[in-house]
Amino acid sequence: MLEDRTAAAPLIGQQPVPTPPPWPAAYPQGYAVVDVETTGLARDDRIVSAAVYRLDARGNVEDHWYTTVNPQRDPGPVWIHGLTSEVLRGAPLFPEITGELSARLDGRVLVAHNAIFDWSMLAREYARAGHTAPVQQRLCTIALAKELQLPLPNHKLASLAAHYGVVQQRAHHALDDARVLAEAFRPSLHLAAGAGVPLPLHVCRPLTEWSDSAPAPAGGPPAAYRPMSWRPNRRRPACPYPNPGRYAAGGPLVQGMRVAFSGDTSVDRELLEDRAIEAGLHIATSVSRLTSLLVTNDPESATSKTAKARSAGTPVIDEAAFMQLLQDVSPQSGE
């Protein structure tokens, strides 16, 4: 009797289907992809529009929401966000949207492109309104793209979108920017999960106090806002990269460079420092021969930092140039 070998024979043209790796148990259970448009970048600037895409644990869209916001002041760069004073006049004030916005943020990781900026603007608006944003963690998609070593020419949202074939329809419109980011975040999330890459999550410490610097005129917009005594814990983790040396004029910033700041900046100093740290730079509290770069808008000032920079030959650039360089910080060679 011949032995039946049919069951053991391979099926021609078929390949075994690989079992997908398990979803990381440590990953969050939900995300809120956020984009805000603002009157500017400084501490007292205001939000003029906000959008939120809620995603489930695997990055699938659950719903989305968008609103304009009356900033009670000049709308700032209308040529960027397209929102004029006339358009915003009938929009709700920020305190009027906190309920709806909070419901969409609560219990989720805030995801944004350059997340420290969106988080800082939201935290300040909540504090002005006398509330606390219900956000405990944030995730920056720039940091995630770097963790995944995506082959991007730079770290602009448009480049991330193009990498994944996501079509951007209205750049700098909060709703479309949030949609584009949500569609680009999902494949990045799955790529990270498949490779077992820990997500670059950061703790959000909300503002709790804020006061007007001057009373608002009757019937008019409020004066600029001024923070009170609240300050976050500024203890920073050690920079994980060795110092590659001084910044070379015309070249990129490199992870591990020691950057010092001196004098007033248009963007809040803490925001600048957080952006630099998330890009892999080291914040130096003083200038020495090891300092890679000094950022100041007044290089001729008589501060101790500028004086030491001149004597040590430390490169000096202004804030605008530094912000431009921050968009594409080079990784350490050999990584």
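**Figure 1. Polar contacts of the H113 side chain.** In this predicted model, the backbone nitrogen of L157 lies 3.2 Å from the side chain of H113. A second polar contact, of 2.7 Å, links the H113 side chain to the side chain of T141. H113 sits in the loop that connects β4 (109-112) with α4 (115-128).

**Figure 2. Surroundings of H113.** With a relative accessible area of 18%, H113 falls under the 20% limit and therefore counts as buried. Apart from neighbours within four places in sequence, the residues in contact with H113 are D118, T141, I142, H155, K156, L157, L160 and L181.

**Figure 3. The four-stranded open sheet.** Four strands pair in parallel in the order β10-β9-β11-β12. β10 (282-283) and β12 (316-317) form the edges, each pairing on one side only. Strands of a sheet are held in pairs by backbone hydrogen bonds, in either a parallel or an antiparallel arrangement.

**Figure 4. Pairing of β9 with β11, and the helix across them.** Strand β9 (residues 258-262) and strand β11 (residues 293-296) run parallel and are joined by 4 bridges. Within this pair, A260 has L294 of β11 as its bridge partner. Helix α9 (residues 304-312) lies across β9, β11 and β12. Its direction makes an angle of about 140° with β11.

**Figure 5. The enclosed helix α8.** Helix α8 (residues 269-278) is largely enclosed by the rest of the structure, because 8 of its 10 residues are buried. After α8 comes G280, with a positive phi near 95°.

**Figure 6. The whole chain, for orientation.** The protein chain contains 10 helices and 12 strands. Of its 335 residues, 48% are buried. The accessible surface amounts to about 17,000 Å², and carbon and sulfur atoms account for 54% of that area. Among contacts between residues at least 6 apart in sequence, 66% connect residues at least 24 apart.

Notes
Residues are numbered from 1 along each chain as its sequence is written. This is a predicted model: local features need pLDDT of at least 70, side-chain atom pairs count only at pLDDT 80 or more; totals for chains, interfaces and linings use all residues. Side-chain values use heavy atoms; hydrogens and water are left out. Helices (H or I, at least four residues) and strands (E, at least two) are DSSP runs, numbered from the N terminus. Buried means under 20% relative accessible area, exposed over 50%, partly exposed in between (1.4 Å probe, protein chains only). Contact means heavy atoms within 4.5 Å. Accessible areas come from the Shrake-Rupley method with a 1.4 Å probe; for residues, only the protein chains shown count as cover. A polar contact is a pair of N or O atoms within 3.5 Å; within protein, one must be able to donate a hydrogen and the other to accept it, and residues adjacent in sequence count only if both atoms are side-chain atoms. Two strands pair if DSSP finds at least two bridges between them. Axes are lines fitted to C-alpha atoms, for helices over the stretch in contact, and angles run from 0 to 180 degrees between N-to-C directions.
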